[in-house]
Amino acid sequence: MTVTYSSKVANATFFGFHRLLLKWRGSIYKLLYREFIVFAVLYTAISFMYRLLLTGAQKRYFEKLSIYCDRYAEQIPVTFVLGFYVTLVVNRWWNQFVNLPWPDRLMFLISSSVHGSDEHGRLLRRTLMRYVNLTSLLIFRSVSTAVYKRFPTMDHVVEAGFMTADERKLFEHLKSPHLKYWVPFIWFGNLAAKARKEGRIRDSVDLQSLMTEMNRFRSWCSLLFGYDWVGIPLVYTQVVTLAVYTFFFACLIGRQFLDPTKGYSGHDLDLYIPIFTLLQFFFYAGWLKVAEQLINPFGEDDDDFETNWCIDRNLQVSLLAVDEMHMSLPKMKKDIYWDDSAARPPYTLAAADYCIPSFLGSTVEMGEHSPQSEWEMQGVKPPDQPQFQCAESGSGA
């Protein structure tokens, strides 16, 4: 389930993010602690070997190797490669969220355009809306592991009520080597055309609006399928992963504390624990873990999209909108500001500080503190201000 913390950072306060650092679910600690432990254990093992197991000549060779690794590890462009990669992944992740298929616009159109309060009219609206939800289910089932685990076979889709047994026979009878998520679109279009002939959709403009919105919904579904099909090139992911792990493999040797008595440059202290190297690993490897989690938001990570919730919500809300709320209107009454030309909702005491005057422009205050009034306040006659008259258009100055 997506980790939401917006309410905790609604206001900027002193040390306001400290509460977020203590969260475990969805945190970088949960993602990285295994790799961090492995890196710390390997560093400790190498340090133990250097200090206690190697002979004098072997220590001198290890010290030269450590200085060499430390010098050339910095030439690996980890920051540039990793930063560009994470930016690309985050943009791709957000675009996938923006293009999730939501049926709200279609349910508004179906509720207002497909007329009839009888059982047949109700059946038309619910069937059209069911085809919309069936389409999103099929596309989610093909890209989301969580949805596929919930609906592993078409039997589960029929059992859940998204498809009837007869529709499943037609669906499976249609032989195609490609993903058939588009089939409910065809059913939707055919049923909408039939409703137009029957007069349930009373205007061709309404039918056109309905089909246009359905095509937009289809575009969202196709885009999600495209994101699943064409990912970030594998070679780029491999380059970034190799750059990060190669850099820290070199750090295991290059960032060791060497014997201070040997006078090596930069090795004046022996602190045993490489604090800043561990922090560097935490930040760089954590950056890579962020990309690993966001590169496919349809998995089962803490911050992946709740596709099963989307399916449940869309079905319940859309059927409610086209059925029970069809032509359901509350009784119209005069609002409380009927005779008030300066309508202004009241403020509670807690919100009193937000009651501010309207902004009328930055030059409004100039009239209150003009140079003329300043002269008068000092008891001095203000100098005459020359006046100019704008020349009329086309006349000489």
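This is a predicted model: local features need pLDDT of at least 70, side-chain atom pairs count only at pLDDT 80 or more; totals for chains, interfaces and linings use all residues.
Student: How far apart are the end C-alpha atoms of residues 31-54?
Tutor: Look at how that stretch is built: the chain there is 96% helix and 0% strand. Residues 242-258, by comparison, are 76% helix with 0% strand, and their end C-alpha atoms are 27 Å apart. For residues 31-54, the end-to-end separation is 35 Å.

Student: Which element gives the most to the lining of the largest pocket?
Tutor: That pocket has a volume of about 940 Å³. Its lining has 28 residues, with Val3, Tyr5, Gly26, Gln293 and Asp303 nearest the centre. Two or more lining residues come from each of α1 (28-53), α3 (78-98), α12 (275-294) and α13. With 4 residues, the element that gives the most is α3.

Student: How many residues in the lining of the largest pocket are nonpolar?
Tutor: Sorting that lining by class gives 4 polar and 4 charged residues. The remaining class is the nonpolar one, with a count of 20.

Student: Which element supplies the largest share of the lining of the second largest pocket?
Tutor: This pocket holds about 250 Å³ of space. It is lined by 15 residues, and the closest to its centre are Arg255, Phe257, Gly266, Leu271 and Thr277. By class, the lining divides into 7 nonpolar, 5 polar and 3 charged residues. The largest share, 3 residues, comes from α12.

Student: Which helices hold Glu35 and Lys289?
Tutor: These two residues form a salt bridge, with the closest N and O atoms 2.8 Å apart. They sit 254 residues apart in sequence, so their pairing ties together separate parts of the chain. Glu35 lies in helix α1, and Lys289 in helix α12.

Student: Which residues are joined with Glu35 into one network?
Tutor: Start from Lys289, whose side chain also meets that of Glu292 in a salt bridge (3.2 Å, N to O). Both of those residues lie in helix α12, 3 residues apart, about one turn of the helix. Through shared partners, Glu35 is joined into one network with Lys289 and Glu292.

Student: What separates the C-alpha atoms of Ala343 and Tyr272?
Tutor: Ala343 lies in the loop between α13 (307-322) and α14 (371-377). At 48% relative accessible area, Ala343 is partly exposed. Ala343 and Tyr272 are 71 residues apart along the chain, and the separation of their C-alpha atoms is 70 Å.

Note on methods. Residues are numbered from 1 along each chain as its sequence is written. Side-chain values use heavy atoms; hydrogens and water are left out. Buried means under 20% relative accessible area, exposed over 50%, partly exposed in between (1.4 Å probe, protein chains only). On a 1 Å grid over the protein atoms alone, a cavity is a set of points where a 1.4 Å probe fits but cannot get out, and a pocket is an open set with protein on both sides within 12 Å along at least five of seven lines; lining residues have an atom within 4 Å of a point. Grid points are joined across faces, edges and corners, and a volume is the space filled by probe spheres set on the points. Ala, Val, Leu, Ile, Met, Phe, Trp, Tyr, Cys and Pro count as nonpolar, Asp, Glu, Lys and Arg as charged, and the others, Gly among them, as polar. A salt bridge is a side-chain nitrogen of Lys or Arg within 4 Å of a carboxyl oxygen of Asp or Glu.
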